[in-house]
Amino acid sequence: MKNPINQMPSFKAPDPNFKPLVQLLTTSSCVAQQSAARKLTDGYYKDIEQFVNLKINDQTNTHIKKVDDGHQKMSKNHKHAHASSHMEQLDPLLYVFFTLSDLKIGKRMPIYFPYSKPSETPKLLPTEEADSIPFSTSQLEYLLNLFSFPKDSPQAKAVEYTLKQCELESIKGETKFCATSLKSMLDFATKMLGGDTHLKVLTTTRLSNFTILLQNYTILEEPRETMAAKMVACHSMPYPYAIFYCHCQESNNRLFEILLGADNGDRVKASAICHMDTSQWDKDHASFKVLKTKPGASHVCHFVSTDSLVWLAA
């Protein structure tokens, strides 16, 4: 069997803030992102594969600076467009939350969208190859040898983290699955949304080439709501090849498509989801700190990062 590491870009360990963000998304229900929606037919498979590879290129590009007692300290090789002192008071990755009252033309707010160079992000493996590689914490030692990662390296810790996240029990009312290939992701989405259902994929897309991650954006057009009773959200995970953490939970959500413009001319066709019932959320959920609310007291809306995919019934 070929070593997948030899066929793909070098693997970067994730930002230490990645874990809280994955947790906040998985406790939310089925997160959504969008822009160009496509129906999936047999003839679309190759197009979708290319599309998914493009989306996982939009991950945060980070470089390890120091590892101290197992806690990664990283310096990011990106620029932030700090527009106010308030933007410096929170972790940049938390600038994704808002409320329905913000969804109006002319509303200006700081938003974080990840970005990474295509040469530095993992790619999808063919199904046969992905299926031939163990994906379990019980095989961690074998996997680290396969990927040539030293046991205590940040990359090894990222691999272990992803495997453990994928093996955690689902929260109440949620079904989750870690997809190791495009086929397994589509199979899961189809199963969750209905075996005879045609699928469409939604995502957030950058409409201009820029590398600024955090800056102020203004809503340029009336947000457009997309009705979806059920969604399957898939989030890219840190691993030597593309792994997507997919989950689905039926709940009261509202999904929006929003055209955003930055002060410097950058454009993003973004997706956002509003979770109308937060009564079962953890009281320490990051959104409550940002929005200054508590479980059940208010809905929570958030933009979804560019490295995730949302599957809906067409």
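A: Two strands are said to pair here if DSSP finds at least two bridges between them. The model is a predicted one, and the strand to look at is β14, residues 253–262.

Start with burial. Of the 10 residues of β14, 9 are buried, so the strand is largely enclosed by the rest of the structure. In a regular strand, side chains alternate between the two faces of the sheet.

Next, the partners of β14. Strand β15, residues 267–275, is joined to β14 by 9 bridges, and the two strands run antiparallel. One of the bridged positions is N253, whose partner in β15 is H275. β14 and β15 form a hairpin with 4 residues between the strands. In this hairpin G265 has a positive phi near 100°.

Strand β10, residues 212–219, also pairs with β14 in the antiparallel sense, over 3 bridges. Here Y217 has A262 of β14 as its bridge partner. Strand β11, residues 224–226, is another antiparallel partner of β14, and this pairing too runs over 3 bridges. For E225 the bridge partner in β14 is F256.

Now the aromatic side chains. Searching the whole structure gives 10 aromatic pairs. One of them is F113 with F303, an edge-to-face pair with 6.3 Å from centre to centre and 70° between the planes. F113 and F303 are both buried.

F135 and Y239 form another edge-to-face pair, with a centre-to-centre distance of 5.3 Å and 65° between the planes. Distant parts of the chain are linked here as well, 104 residues apart: F135 lies in the loop between α3 and α4 (140–147), and Y239 in the loop between β12 (232–237) and β13 (243–249).

Burial differs within this pair. The cut-off for buried is under 20% relative accessible area, and exposed means over 50%. F135 has a relative accessible area of 23%, so it counts as partly exposed. Y239 has 0% relative accessibility and therefore counts as buried. F135 and Y239 also belong to a cluster linked by ring pairs, together with F147, F149 and Y241.

Key:
Residues numbered from 1 in each chain as written. Predicted model: local features only at pLDDT ≥ 70, side-chain atom pairs only at ≥ 80, totals over all residues. Heavy atoms only, no water. Phe/Tyr/Trp six-rings, centres within 6.5 Å; stacked < 30°, edge-to-face > 60°. Buried < 20%, exposed > 50% of the residue type's maximum accessible area, 1.4 Å probe, protein only.
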